[in-house]
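Colleague: I have a structure open and would like to learn how its features get their labels. Could you show me and talk me through them?

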Amino acid sequence: MSEDENKNKDNEQHRLRKELPDEVAPEAADGGDGRDDAEVSAAETKNPSLTGRQRLAKGLWPPRVSRAQLIVAVLLFVLGLGLAIQVRSNSDSSALRGARQEDLVRILDELDDRTQRLGDEKQRLEGQRTELENSSDQAEEARKQTVERERQLGILAGTVAAQGPGITLTITDKKGAVQADMLLDAIQELRAAGAEAIQVNDVRVVADTYLTDASGGKVSVDGHKIGEPFVFKVIGKPQDLEPALNIPGGVVQTLEKEQATVTVTQAQKIVVDALRPAKRPDYAQSSSQ
């Protein structure tokens, strides 16, 4: 191409640029976004085109959280945690939730019997007070009641033998899985059911009785080692004592889970003859004049 033709071509391009509008010419010159061709090429080389998923991830992370949004998020978390705890506490199953109807009726009967026993004890004490107030010989009446009270306290303290209706609880444990706390649960359940005298093997159970685990699969009761079979002789109302041991999740079920054999036998005459020596207090003295 000759020099004249090149010159004519440049003049034509210069004329066309002058005819373009002012707002279009810069965009055409720099690629339409304010950058020249060199800048656009460098940006495309440095940052290749991103996919839609990549652009979404880049927009979400790092998160841009304001202080108000953070406070709302914390409050919602605390509210959700509280609701979860409440739902869990309401959905927890108790030992009585899956009990049969006859078991629930038996438990209610046991509670009624306990209420009746407390009412009878209240009436008995009120009767004693009335007799003392109305007796012509109050001194003799007081002496009789004192003797009877001494006998009752002797039974509770284990210093005298006792007999009466009750049950015999026998626990056979060949694997040595029965521990002291299980026997203690049985004693507590029997006391709650109205047991008046309890003897485990050859040891009398009283208010300050303690049980600990001993070597060889044995249990120590007040320092005396006893082994299986564990035989409980219990004086009380048999119709109250036996159901108390057989409530769902109670003593019998707990022991049977440990593969122990439990037998409960009612009898009209149970003899509790294991005695404890009467202890004389070292410091306490009677305050009566």
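Modeller: Gladly! Helices (H or I, at least four residues) and strands (E, at least two) are DSSP runs, numbered from the N terminus. This is a predicted model, where local features need pLDDT of at least 70, side-chain atom pairs count only at pLDDT 80 or more, and totals for chains, interfaces and linings use all residues. Residues are numbered from 1 along each chain as its sequence is written, and side-chain values use heavy atoms, with hydrogens and water left out.

Colleague: Why is Arg124 called partly exposed?

Modeller: Buried means under 20% relative accessible area, exposed over 50%, and partly exposed in between (1.4 Å probe, protein chains only). Arg124 has a relative accessible area of 28%, so it is partly exposed. Glu121, with 34%, is therefore partly exposed too.

Colleague: How many salt bridges does a search of the whole structure find?

Modeller: The search finds three. Another one joins Glu228 and Lys174, whose closest N and O atoms are 3.7 Å apart. This pair links distant parts of the chain, 54 residues apart: Glu228 is in the loop between strand E6 (224–226) and strand E7 (230–235), and Lys174 is in the loop between strand E1 (162–172) and H8.

Colleague: Is Lys174 buried or exposed?

Modeller: Its relative accessibility is 71%, so Lys174 counts as exposed. Glu228 has 29%, and therefore counts as partly exposed.

Colleague: Why does Asp222 count as buried?

Modeller: Because its relative accessibility is 13%. Asp222 forms a salt bridge with Arg276, with the closest N and O atoms 2.5 Å apart. Arg276 is buried as well. Asp222 also has a positive phi of about 55° although it is not a glycine.

Colleague: How do you know that the span of helix H8 agrees with what it should be?

Modeller: The expected span of a helix is 1.5 Å times one less than its number of residues. For the 13 residues of H8 (residues 180–192) that gives 18 Å, and the end C-alpha atoms are 18 Å apart, so the two agree. Among the buried residues of H8 are Met182, Leu183 and Ile187.

Terms used
Salt bridge = Lys/Arg side-chain N within 4 Å of Asp/Glu carboxyl O.
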